[in-house]
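Work through the following exercises with the sequence and the model at hand. Each task is followed by a solution in steps.

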Amino acid sequence: MSSDNEMTPEEQLAALGMAQQGMQRAAGYGAKLLGTYCIILGVVMGGLAALLQLYRPEENFTGFIVIMVLFAIAVIAISLAYGKLYRSLPRGHSKMYLRGFTISMVLYAVAVALLGAGSMGWGVIALIWIIVAAPLSLTGIAMVRK
């Protein structure tokens, strides 16, 4: 820098404060955006887990394949969103997201394993939807509220 453009210490502190404000705004926006994605995809994954109970592979193989493809698309979508936003998340949100995502994935695997248990009633199917959707959706709600 030339001596004409040198900033005083007060101006430097003011510029640093403005930069930090911009970073905090970006982190809050990233958390809200990923939180919204988590809520939507948590509900979608729960719905797909419930639909698996209706479209069993032995009864409707085409429906089963469609549901599994939609599940793969949902996982890819949330993974791409996380990959794009993880640098702008506030401290601790990345672990929170990964915890909710992992729990939802494990519960989805349990729902797939339940296919061998036979047909289930509507109450159990609704319960599967809620249980699979809850971890990722609650994580998203926590991200949006912070």
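Predicted model: local features only at pLDDT ≥ 70, side-chain atom pairs only at ≥ 80, totals over all residues.

**Exercise 1. Length of a helix**

**Exercise 2. A residue inside α2**

Decide whether Ile 78 is buried or exposed, and find what it is in contact with beyond its neighbours within four places in sequence.

Solution. 
- Step 1: Ile 78 lies in helix α2.
- Step 2: The cut-off for buried is under 20% relative accessible area. Ile 78 has a relative accessible area of 0%, so Ile 78 is buried.
- Step 3: Other buried residues of α2 include Phe 71, Ala 74, Val 75, Ala 81 and Tyr 82.
- Step 4: With neighbours within four places set aside, the contacts of Ile 78 are Leu 34, Tyr 37, Cys 38, Leu 41, Tyr 97 and Phe 101.
- Step 5: For one of these, Leu 41, the separation from Ile 78 is 37 residues in sequence and 7.2 Å in space, C-alpha to C-alpha.

**Exercise 3. Packing of α3 and α4**

Describe how helix α3 (residues 93–113) and helix α4 (residues 122–145) are arranged, and classify the residues of their contact.

Solution. 
- Step 1: Two packed helices are described by the angle and the distance between their axes.
- Step 2: The axes of α3 and α4 come within 9 Å and cross at roughly 175 degrees.
- Step 3: Angles over 145 degrees count as roughly antiparallel, so α3 is roughly antiparallel to α4.
- Step 4: On the α3 side the contact includes Met 96, Tyr 97, Phe 101 and Leu 107; on the α4 side, Ile 128, Val 132, Pro 135 and Met 143 are among the residues.
- Step 5: By class, the contact of α3 with α4 has 14 nonpolar residues, four polar and no charged.

**Exercise 4. The chain as a whole**

Summarise the elements, the burial and the confidence of the protein chain.

Solution. 
- Step 1: The protein chain has four helices and zero strands, in the order α-α-α-α from the N terminus.
- Step 2: Of its 146 residues, 32% are buried.
- Step 3: Among contacts between residues at least 6 apart in sequence, 82% join residues at least 24 apart.
- Step 4: The mean pLDDT is 83, and 85% of residues reach 70 or more. Confidence is lowest in helix α1 (residues 9–54), with a mean of 76, and highest in α4, at 92.

Conventions
Residues numbered from 1 in each chain as written. Heavy atoms only, no water. Axes fitted to C-alpha atoms, helices over the stretch in contact; angles between N-to-C directions. Helix = DSSP H or I, 4+ residues; strand = E, 2+ residues; numbered from the N terminus. Parallel < 35°, antiparallel > 145°, perpendicular 65-115°, else oblique. Contact = heavy atoms within 4.5 Å. Nonpolar A, V, L, I, M, F, W, Y, C, P; charged D, E, K, R; others polar. pLDDT = per-residue confidence, 0-100. Buried < 20%, exposed > 50% of the residue type's maximum accessible area, 1.4 Å probe, protein only.
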